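Dear colleague,

I am handing over a structure for you to look through, and below it you will find what I noted.

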Amino acid sequence: MFCNSVLQVYKPNEHNRVLAICGPGNNGGDGLVAARHLYHFGYKPYVCYPKRTPKPLYNCLVTQLESLSVPFLSVEDLPMDLSDSFDILIDAVFGFSFHGTPRPPFDDMIKKLVNLSNPDLRPSKSPAIVSVDIPSGWHVEEGDSSGDGIKPDMLVSLTAPKLCAKMFSGPHHFLGGRFVPPPIVEKFKLQLPAYPGTSMCVRIGKPPKVDISALRENYISPELLEEQVEADPFDQFQKWFDDAMAAGLKEPNAMSLSTAGSDRNLSSRMVLLKGFDKEGFVWYTNYESQKARDISENPRASLLFYWDALNRQVRIEGPVAKVSEAESEQYFHSRPRGSQIGAIASNQSSVIPNRQYLHQVYQDLEAKYSGGPIPKPKNWGGYRLKPEVFEFWQGQKSRLHDRYLDSHF
C-alpha cells in the first residue's frame, strides 16, 4: 500500500534512487518492507538502519533485503548532501508512539530531512521526502507545533490518518490499509474513504495543484523496428494483444470507437472488442444507439487500443457492417444472464426519468424471465470493422515515438 502511493506520484524511471531511513520500532519495519517492495517495482533502494530491532520479524526483513543485494548504509556512509545521491527519501524513523527528543544518530538524520524540506534551505534539485504514517518528530495529535519539523512532500497515513495529519501541508496525502476491522471502525468512529477498485491506497486531502502543461511522460520502451514487425498486420496485432494479456492489464480489449454521421459530427466512446480475425474486429451494442445511427448513415469507423503500461497504441480504420443475426444470437446467449437482461432494459442514448426507473425495468424483466431463456432483442447485435489501415505506435524517449503504418493489404 505504501509502494502503490509512491508509484502513483514518483515513477521509477524518473525517481529511481531511494533511501529508506529506518528507526528502531514499527515505523522502521514499515521502511524495510517499503524498500523490499520498491525494489520489485523497479526502484534502486538503499537502507540506513542504524539501530536494528533484535526480533525475528525484523531480522527476516533484513535477510530478505540482503538476498536482493539491497545495500545497507551506515550513518557514516551517508553522503553529507543527500540531495545529490537520492531521488526519494523515506522517513520511517519514528511513529505515533514516539515521545521526547530524538537521540543520536537519529537527531542528526532528522535535521538533514528538516533542512531538505525547508524552502529557504532546500537546493534546487532536491529529493522528495515521503513520511510513513507520521513525519518523524511530530506529536501524534499536535503535529509540528513548533514549525521546525520535517515538512514532507508526501504523507502515507496507515489504517487511518492521525490527528497530526491536519497540519500536513504537502501536495500528496495518501491513506493505505483498506482492510480495517469493523469493530475498530465502530470503536473509534472512523470515517474512511472508499478505495478505488482493488487499490490498497487512496489519495485524500486537497487535490494537488497541477500545471497541466507540465504533465509529460518520458517513455522507456524497446524500439519498434520495421524488420521486427510481422508482415501481416493482423499477426502483429495478435502479438501485441497477447503481450497486453500477459502483462495483466485491466480490460486489454477496451477500445475507443469513433464514428461520424451524415452531419460529420464526430463522437467517441469506449467499447469492448469481442472477437477478431482476418475478417475484422467485432463489438456488440444497441442498434438504436448514437454510434449505431452514425454507422447507418456513414458506415466507417476508427478503433483505438491504448495499453498504457506497455506504452503502446494501435489505430485501426475501415468500413463497418453488421454481423449476422446467427452470430449475434450466439454471442448474446453466451453472456451472463444479468448482461442479457441489461441489454433489454437499457435503451442506449435515450433519456430516462432517473436511475431508479432503470433498476425497476431491470427487476421487472428479471421476474419476467425467471428460470427461462432470455430472448435477444431485435435492436441488439454486433458490428464488424474490416481494417483498411493499421497504425502501431510505441512510445519512446523525447517524443521520438515509433509509428508503423500498414495500409497495403
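Which residues in helix 9 meet which residues in helix 10? Gly338, Ile341, Gly342, Ile344 and Ala345 in helix 9 are in contact with Leu358, Val361, Tyr362, Leu365 and Glu366 in helix 10, where contact means heavy atoms within 4.5 Å and helices are DSSP runs of H or I with at least four residues, numbered from the N terminus.

Please keep in mind that this is a predicted model, in which local features need pLDDT of at least 70 and side-chain atom pairs count only at pLDDT 80 or more, while totals for chains, interfaces and linings use all residues. Residues are numbered from 1 along each chain as its sequence is written, and side-chain values use heavy atoms, with hydrogens and water left out.

The axes of helix 9 (residues 337–345) and helix 10 (residues 355–368) come within 9 Å and cross at roughly 125 degrees; these axes are lines fitted to C-alpha atoms over the stretch in contact, with angles from 0 to 180 degrees between N-to-C directions. The two helices are therefore oblique to each other, a word for angles that are not under 35 degrees (roughly parallel), over 145 (roughly antiparallel) or 65 to 115 (roughly perpendicular).

Elsewhere, Phe179 lies in the loop between strand 6 (172–176) and helix 5 (182–187), strands being DSSP runs of E with at least two residues. Phe179 counts as exposed because its relative accessibility is 68%, the cut-off being over 50% with a 1.4 Å probe and protein chains only. The C-alpha atoms of Phe179 and Pro207 are separated by 24 Å.

Notes:
Buried < 20%, exposed > 50% of the residue type's maximum accessible area, 1.4 Å probe, protein only.
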